[in-house]
Amino acid sequence: MKILAIDTSNIPLSVAVLEDKTLLATMTTNIKKNHSITLMPAIADVMKLAGVKPAELDRIIVAQGPGSFTGLRIGVATAKTLAFALDCELVGVSSLELLAAGISDDKTDIVPLFDARRNHVFSGLYRNSNELINELPDQHRDLVAWLTELKERNQSQIFVGTDVDLFKPQIIDILGEQAYFPAPFLNVPQAFILGLIGKDKEPVEQETFIPNYLRLTQAESQWLETHSDKDHNTYVEKI
Amino acid sequence: MSAEKKNLILAFESSCDETSVAVVEDGHIILSNIVATQVNSHKRFGGVVPEVASRHHIEQITSCVQDAMTEANVSYDDLDAVAVTYGPGLVGALLVGVSAAKAIAFAHELPLIPVNHMAGHIFAARYESEISYPSMALLVSGGHTELVYMPEEGQFEIIGETRDDAAGEAYDKVGRVLGMTYPSGKEIDELAHTGKDTFNFPRAMIKDDNYDFSFSGLKSAFINTVHHADQLGETLDRADLATSFQQSVVDVLAEKTLRACHEYDIKQLILAGGVAANKGLRARLEADMEKMDTVEFIKAPIKLCGDNAAMIGAAGYVEFLKGQRAGLDLNADPSLEFDWIA
Amino acid sequence: MNIEVNSVEETQKIAEKLGQLVEPNMILLLDGDLGAGKTTFAKGLAVGLGITRNVKSPTFPIVREYREGRLSLFHMDVYRLEGMGGADLGLDEYFNSDGVSVVEWSEFIQDELPDDSLRITLLKDEDDDNRRVIKLDSYGSQYTRILEQLVKKNG
């Protein structure tokens, strides 16, 4: 099975081509450059290096969120349209699960985490014993509330992600010695790992595939405070 | 390329609140033009909310491609190029169309044609008539009001534009004062046909020796008039307000456009953009242009005045023939503009 | 600090002087009713920054960028976001840049705004449509300093 894996959920960008479990080629960047400029050329380059033609792809795997809304949309729009145009399988994988999968320590909780501004984070809780298990679902949380909840588990916990540094003082303040931090290279998501996770997942329906934003738009959530989500006309109409 | 060879372009448009994909033959025959409009969603908020728009675009994009290809009854092998709006517009919205267009171009090794959304609006007129150069276009929409001179095919030069608010924006702001729901252009247009121009609002810059417009003063005058009446406990006639407002907008647009038509040696005047669907504006320019027998007047078809991908396909075809190509690093440019005439 | 002005031109002159004084990374909040002259003020500011391009209303695109002046100008209008907030707009990128951000209708995105800023409120006169009071409030020492300089400059 020839696989293309793509992650553009946050500042890092990672693209990989796999043949089943084997990595053929990959590229990862961690620069503040617009993914819309970088992604498609990166895909073309990595596929060329791997010697895989677009029509040969069997499956496209994309990090589906959470993350930066714009970043997610670039990755998902690209993956979904590619899969549609090539008539191949499409798979979405949690962007947090991708980071958690890099940690192989089976004795500890794994807490991948992205900055969601205003001291909120996107985070979830995973454990990795033989296979990766999602114990607490990916969520959009106030950092202090999240850390307080984690504290009660009384487990050693490893925090992973490029944004972890930003919150390190608060993490240590609340969790003390319960908190661990991985070797720095594990903080950057790798599309190779994404390919390994996504290769065994069920393909999704392409047409309805969208990012997992994990947060309503502010406009939408404020509107819902005063309106019911039912009894309205279809929001999008084809004319 | 043999003479009989038809060129098929798959075109994308996602700059604001419509997701649209079209298949266009030789730049002037629509094989399909799928438009998924989000207006019902944004109505809730009184205007287009960027993040909401982007989310709807990504929900719709491949389904629109599917429908466009099916309705046109074509396969990827039949296509000659992919054209896409890359600006101006809302950056997040543009990025969905740009990403999808790049994906298809890459997947099927098709040339990628970058299209300026405003050129698209002008080329909506191509479905009405062939365009002969030099030509002039009056472009009026929610975000733009400009006179564009086209010395030859594929060349666009702004000779004048709004100094402040776009005409469509003035309609929406005034509509809000009148308690109308967004978008209010159509409602004001209809109301304007039932009243009289009694308020005599200012016609800003109408006599100025340039082709620029200004609608901010008109908006303020309108608001002040309504506000002062409110203070005195008076209720003004809504129809007369609408008529007076529209008359002021139409007067300025028509007068300056006509002057441009006289002063430039042109063969055609093209009316395009969302506000080009305004009946008052269409009728006025039609009447005025009848007196100018050297210049042909072309209006974009009403159903192609709003945002759609067929117009992008028409503009993209011109760029395609010129050999204009984008790389896979094409980015959205939310502030894209035509050049100003030197 | 309040400044009374009697015409569009006077508003633009004040704004132009302010434009000559503003520093990188500054945020100016521009409030006032529809038609109070917010875009007029922004135009004057642009002139003061050495921007020659026409500054148009950013209501439709929400942000317009002008990069040709002494400092970049990011002109924002969040009028369309009343009651919705601006959490999803990514305005931080502008606020944290080296340019000058001008936000019209800033009350609609209060939660997104940094603590320090200069608030400019344009108040219409009930009796005279041409007259305005320009109210300038500084939050943060660097903005207080700018205001002091503006007073000197304005004579």
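Modeller: Axes here are lines fitted to C-alpha atoms, for helices over the stretch in contact, and angles between N-to-C directions run from 0 to 180 degrees. The model is a predicted one, and what follows is computed from it.

On that basis, the axes of H2(A) and H2(B) come within 10 Å and cross at roughly 5°. Angles under 35 degrees count as roughly parallel, and H2(A) and H2(B) are therefore roughly parallel to each other. From H2(A) the contact draws on A:Phe69, A:Arg73, A:Val76, A:Ala77, A:Lys80, A:Thr81 and A:Phe84. From H2(B) it draws on B:Glu51, B:Ser54, B:Ile58, B:Ile61, B:Thr62 and B:Val65. Sorted by class, the residues in the contact of H2(A) with H2(B) are 7 nonpolar, 3 polar and 3 charged.

In it, 34 residues of chain A are in contact with 39 residues of chain B. On the chain A side, at least two residues each come from helix H1 (35-50), helix H2 (69-86), helix H7 (218-226) and strand E11 (237-238). H2(A) gives the most to this side, with 13 residues. The side of chain A that touches chain B has 19 nonpolar, 9 polar and 6 charged residues.

A cis peptide bond joins A:Gly65 and A:Pro66, with omega about 0°. A:Pro66 is found in the loop between strand E4 (59-65) and H2 of chain A. In chain B, the peptide bond from B:Gly87 to B:Pro88 is also cis, with omega near -10°, and B:Pro88 is placed in the loop between strand E4 (81-87) and helix H3 (91-107).

Chain A as a whole has 7 helices and 11 strands. Its C-alpha trace spans about 50 × 50 × 35 Å along the principal axes. A compact globule of 239 residues would have a radius of gyration near 18 Å, and the 19 Å of chain A agrees with this. Of the 239 residues, 48% count as buried. Among the contacts in chain A with a separation of 6 or more, 69% are between residues 24 or more positions apart.

Chain B also meets chain C: 23 residues of chain B are in contact with 18 residues of chain C. The elements of chain B that give two or more residues to this side are helix H2 (50-72), helix H5 (167-177) and helix H7 (216-231). The largest share, 5 residues, comes from H7(B). By class, the side of chain B that touches chain C has 8 nonpolar, 8 polar and 7 charged residues.

Helix H1 (residues 8-21) and helix H4 (residues 141-154) of chain C pack at an angle of about 130°, with their axes 10 Å apart. That angle makes H1(C) oblique to H4(C), and their crossing is right-handed. C:Ile14, C:Lys17, C:Leu18 and C:Leu21 in H1(C) meet C:Ile146, C:Gln149, C:Leu150, C:Lys153 and C:Asn154 in H4(C). The residues of this contact divide into 5 nonpolar, 2 polar and 2 charged.

Notes. Residues are numbered from 1 along each chain as its sequence is written. Chains are lettered from A and ligands numbered from 1 in the order in which they are written. This is a predicted model: local features need pLDDT of at least 70, side-chain atom pairs count only at pLDDT 80 or more; totals for chains, interfaces and linings use all residues. Helices (H or I, at least four residues) and strands (E, at least two) are DSSP runs, numbered from the N terminus. Angles under 35 degrees count as roughly parallel, over 145 as roughly antiparallel, 65 to 115 as roughly perpendicular and the rest as oblique. A crossing is left-handed if the near helix is turned anticlockwise from the far one by less than a right angle, and right-handed if clockwise. Two residues are in contact if their C-beta atoms, placed from the backbone, lie within 7 Å. Ala, Val, Leu, Ile, Met, Phe, Trp, Tyr, Cys and Pro count as nonpolar, Asp, Glu, Lys and Arg as charged, and the others, Gly among them, as polar. The radius of gyration is taken over C-alpha atoms; the globule rule is 2.2 Å times the number of residues to the power 0.38. A residue is buried if 20 or more other C-beta atoms lie within 10 Å of its own, exposed if 12 or fewer, and partly exposed in between; C-beta atoms are placed from the backbone.
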